[in-house]
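Here is a short report on one protein model. Look at the sequence and the fold, then read on.

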Amino acid sequence: MGLLSQSAFAFFAAARLRTAWAALGVVAFDKLLQGNSQQTVFSQNDIPDPWSHEPSCFRSTSIATAGKQFCIYTANTTGPTGVSIITTPEAAQTIEELQFLDDNPLDNFLTHQQAQELFTKDPPYEVRKVEGKGLGVFATRKILKYETVMIDQASVVEDMEIEKAFSAQEARTMLAQAVNQLRRPQIVRAMSSDHGGHDSSDTEDDDDDGEGKLETDIMLTNAYGSEVTGRKFRNLFPLISRINHACSPNSYVLFSRAGISMAIKTYRDIEAGEELSVSYLTLGQTFAHRTHALRRWGFTCTCSLCTLPSTAKAESDLRRSLIAQSDSKILEMWNADKYSDAIGLAIEGIQMIKDEGLEHFLTDQYALLAKLWMLAGERKKAEAWARKSWDMLAGMGYLGNEDEQEMWDMETFLERVGSGAMKAVNRVPASLRDGGGSKEGLGVDERLVEVQK
Ligand SMILES: [Zn+2]
């Protein structure tokens, strides 16, 4: 992992969000939070669009956020199950203003023709049982590199601040109600058996049949973290959650602008019969770190990377450590005026990244090279590397549709790449419930280091 390596992934999701917000003229979230945190947006007997239930509100019982309100907002007109959002009235108002619920996945991930194909033909995958893993998702035909295989909309979106604001049982009760209010709560509840190996007894404060226990377990096992307008959420995607983990996955998740929809896209061509996989963890970690991090999901990884012979595994770990250190080394060299050494190391990094199958890091590695050449005053070289990064990000879907891509110019691109600040992708581990603040669950590490001469 490097200072730039993973952040473009997250960054472009963030950039797209920012663009969408700017277009809607919504910048006032912070202002909304000031001074009126007790404000109730909705009066009783008045269920405003887009919600299908009267928001049901709870006041925080913790000292830190005493009196702060969190409500359950359900909109049952959207997605396969409807969506329930647990958050503050202020955030809900922003969600309305952002037209969060109109966030049609088709606009985000597919052209009109692709959408037609995805919805009129049989899906290119099937869900079936996998030995030791519960269910898994398998390709039913050849799937091409960067193809959008699956789109899904969140069923439950939970503000992570509720963990600090309420007791564990209060939070569970709210979650149970959020699921109950969905149009098809059974789809969410059926997820409890999807990932074999998850042992629900590993959370400490269980009372086994307490209200919301099942829903909470499902959330912690399956949710993806996201960040919208500075608030952190866990999102439960019923369909996408069926995809199992691999440390060197063949697919990745791409959030929509508003974060309520998600697509599964592939890193490479996938043959019929192959299982689709995504990484629940930040990419690029060594075997020991991965093994430790995956304990939260209660399974031992048997992916191709984790089952390498020990010599090959040690080589992989070494490369991963070097990749992780490479950005700070490059920065160090740069700051010591060793410009060509720094650029040479960045170029070496490309091969290591490829050897490790961490193509996702290339977008940032290319952008880093662009930035270094830019700083060195070699604009043509800078643009050539920026183009490589751009092409890859566009191919992967991070620059939006063709119209949106036109909004990017090279200056902005170079300026923004490497300033990644959003954590968007990975699943949220149980430890976060206890305020653990693990980076793992937040997905991409924040790397705000800027390369400056
Ligand atoms: Zn693995």
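Is helix α9 (residues 213-222) mostly covered or mostly uncovered? It is mostly covered: eight of the ten residues in α9 are buried. They are Leu214, Glu215, Thr216, Ile218, Met219, Leu220, Thr221 and Asn222.

**Confidence**

This model is predicted. The mean pLDDT of the protein is 75, and 73% of the residues reach at least 70.

| Element | Residues | Mean pLDDT |
|---|---|---|
| Helix α2 (lowest) | 29-33 | 28 |
| Helix α7 (highest) | 168-180 | 95 |

Across residues 1-44, pLDDT is below 50; the model still gives this stretch 104 contacts beyond near neighbours in sequence. Residues 418-453 also stay under 50, and there the model has 108 contacts beyond four places in sequence.

**Nonpolar cores**

Nonpolar side chains tend to be buried together in soluble globular proteins. Here the largest nonpolar core holds 62 residues. Which of its members touch the most others? They are Met150, Val156, Ile162, Ile240, Val253, Ile264 and Leu276. A second core is separate and has 23 residues, including Leu372, Trp385, Ala386 and Trp390.

**A pair of helices**

Helix α12 (residues 339-355) packs with helix α13 (residues 362-375). Their axes are 10 Å apart, at an angle of about 165°. An angle over 145 degrees counts as roughly antiparallel, so α12 is roughly antiparallel to α13. The crossing of α12 past α13 is left-handed. On the α12 side, Ala342, Ile343, Ala346, Ile347, Gly349, Ile350 and Ile353 make the contact. On the α13 side, the contact residues are Leu362, Gln365, Leu368, Leu369 and Leu372. Leu372 also belongs to the second core.

The spacing of such residues has a simple background. An α-helix has 3.6 residues a turn, so residues three or four places apart point the same way.

**Arginine 128**

Now turn to a single residue. Arginine 128 sits in strand β4 (residues 125-130). Why does arginine 128 count as exposed? The cut-off is 12 or fewer other C-beta atoms within 10 Å, and arginine 128 is exposed because it has 11. Beyond its neighbours within four places in sequence, arginine 128 is in contact with Leu135, Gly136 and Phe138. Arginine 128 and glutamate 275 are 147 residues apart in sequence, yet 9.9 Å apart in space, C-alpha to C-alpha.

Key. Residues are numbered from 1 along each chain as its sequence is written. This is a predicted model: local features need pLDDT of at least 70, side-chain atom pairs count only at pLDDT 80 or more; totals for chains, interfaces and linings use all residues. pLDDT is the predictor's confidence in each residue, from 0 to 100. Helices (H or I, at least four residues) and strands (E, at least two) are DSSP runs, numbered from the N terminus. Two residues are in contact if their C-beta atoms, placed from the backbone, lie within 7 Å. A nonpolar core is a set of buried Ala, Val, Leu, Ile, Met, Phe, Trp, Tyr and Cys residues joined through C-beta atoms within 7 Å. A residue is buried if 20 or more other C-beta atoms lie within 10 Å of its own, exposed if 12 or fewer, and partly exposed in between; C-beta atoms are placed from the backbone. Axes are lines fitted to C-alpha atoms, for helices over the stretch in contact, and angles run from 0 to 180 degrees between N-to-C directions. Angles under 35 degrees count as roughly parallel, over 145 as roughly antiparallel, 65 to 115 as roughly perpendicular and the rest as oblique. A crossing is left-handed if the near helix is turned anticlockwise from the far one by less than a right angle, and right-handed if clockwise.
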